[in-house]
Amino acid sequence: YLQLLMHSKKRQMVAGDFNLAFSFDRAEKLPEALSYYEKAIQWDSEFGQAYVKAAFISSKQGHVDKVVHYLKEAIRLHPEEGSNYGGISSRGAGKS
């Protein structure tokens, strides 16, 4: 029961941070948005969509190194979605 409760709490925290990030993104408050996407990732390192959103925010800020990092993680988690991330594929993600 305790594990189920902890999992539920974790999901709530991930969703809350992701939703706050999305709101900040919509308001063009990019540093705050990225901060909350990163918090969602800390709660759930397997949350691919948070990596994608963090990559887009980083792109808007001109942080190419962060874009590459976040997209590599998103592709690692969901290689079948790689073509949806600006044409980056799992083959290209391993190159530096």
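**Reading the core around helix α3**

Tutor: Of the 20 residues in the largest nonpolar core, Tyr37, Ile41, Tyr51, Ala54, Ile57 and Tyr70 touch the most other members. Helices α1 (2-26), α2, α3 and α4 (64-77) each supply at least two residues of this core. This is a predicted model, where local features need pLDDT of at least 70, side-chain atom pairs count only at pLDDT 80 or more, and totals for chains, interfaces and linings use all residues. Residues are numbered from 1 along each chain as its sequence is written, and side-chain values use heavy atoms, leaving out hydrogens and water.

Student: What is a nonpolar core?

Tutor: A set of buried Ala, Val, Leu, Ile, Met, Phe, Trp, Tyr and Cys residues joined through side-chain atoms within 4.5 Å. Buried means under 20% relative accessible area, with a 1.4 Å probe and protein chains only. In soluble globular proteins, nonpolar side chains tend to be buried together.

Student: Is serine 58 buried or exposed?

Tutor: Serine 58 counts as buried because its relative accessibility is 0%. Serine 58 lies in helix α3 (residues 48-61); helices are DSSP runs (H or I, at least four residues), numbered from the N terminus.

Student: Which residues does serine 58 touch?

Tutor: Contact means heavy atoms within 4.5 Å. Beyond residues up to four places away in sequence, serine 58 touches Leu34, His63, Lys66, Val67 and Tyr70. Tyrosine 70, in turn, has contacts that include Leu34, Tyr51 and Ser58.

Student: Where is confidence lowest?

Tutor: pLDDT is the predictor's confidence in each residue, from 0 to 100. Its mean is lowest in helix α5 (residues 90-93), at 40, and highest in helix α2 (residues 30-43), at 96.

Definitions and conventions
Buried means under 20% relative accessible area, exposed over 50%, partly exposed in between (1.4 Å probe, protein chains only).
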